[in-house]
Amino acid sequence: LQNAELGKRAPRWIRDNEVTMCMKCKEPFNALTRRRHHCRACGHVVCWKCSDYKAHLEYDGNKLNKVCKDCYHVIIGCTDSEEKKKKGILEIESAEVSGNSVICSFLQYMEKSKPWQKAWCVIPKQEALVLYMYGAPQDVKALATIPLLGYTVDDTPRSADLPHSFKLTQSKSVHSFAADNEELKQKWLKVIHLAVKGETPECQNE
């Protein structure tokens with residue numbers, strides 16, 4: 001929702017399973033200490049600390065509702081200048097880059113000898129040589145970024161790998177990925193083969 005509409009219209013609620021961390025302070029949720037709350041103004045999933053504000057919302061008959069800090073400031077009409085701080089490289093919101101990306105999808109990811117884990121992977125249009133990895137499609141902070149330039153691509157899975165997997169290697173660092181099917185794997189490889197040479201790939205999201 002645009003700032004002007006905050007509180008006037010009911011927001012679309014982001015589903016709990018679309019995020020792994022608070023969409024405001026970026027603290028990871030875990031079973032014990034961080035329950036998930038929804039801001040009744042913007043619909044974002046936030047932790048208890050970030051939902052500890054109340055504001056009168058027009059769409060709910062001007063009743064007091066739980067809102068996040070940002071919406072609270074907008075609704076009561078005071079701006080928070082520190083919010084303008086420059087975002088760090090990992091703090092680009094997934095939804096922001098996924099909506100304007102060369103390619104994005106879930107891939108299985110494995111690092112060194114750790115177990116495979118699912119990651120939401122995105123190569124943004126404005127940084128087509130960097131692979132961003134998120135825990136979920138609506139997360140507001142990336143778990144990791146891989147600058148693809150100079151990596152070697154190995155797309156022949158070993159017996160221990162998942163079937164549609166490929167590896168990116170550069171000196172000592174090895175990143176293993178696996179797609180759900182061969183078609184998705186080939187889409188990613190098409191983009192990555194260009195990016196490792198420093199070439200900007202065409203959009204694969206159509």
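A: Here is the sheet, then its helix, then a pocket. This is a predicted model, in which local features need pLDDT of at least 70 and side-chain atom pairs count only at pLDDT 80 or more, while totals for chains, interfaces and linings use all residues. Residues are numbered from 1 along each chain as its sequence is written, and side-chain values use heavy atoms, leaving out hydrogens and water.

The sheet is open and has seven strands, in the order 8-7-6-5-11-10-9. Their pairing is antiparallel. Helices (H or I, at least four residues) and strands (E, at least two) are DSSP runs, numbered from the N terminus. Two strands pair if DSSP finds at least two bridges between them. Strand 8 (144-147) and strand 9 (152-154) are the edges; each has a single partner strand, so one side of each lacks a neighbour in the sheet. From one strand to the next, the twist averages 35 degrees.

Strand 5 (residues 101-111) and strand 6 (residues 117-124) run antiparallel, joined by eight bridges. Serine 101 sits opposite proline 124 of strand 6. Helix 3 (residues 182-195) packs on the sheet. It touches strand 5, strand 6, strand 7 (130-134), strand 9 and strand 10 (165-170); contact means heavy atoms within 4.5 Å. The direction of helix 3 makes about 105 degrees with that of strand 5. Axes are lines fitted to C-alpha atoms, for helices over the stretch in contact, and angles run from 0 to 180 degrees between N-to-C directions.

Strand 5, strand 6 and strand 8 each give two or more residues to the lining of the second largest pocket.
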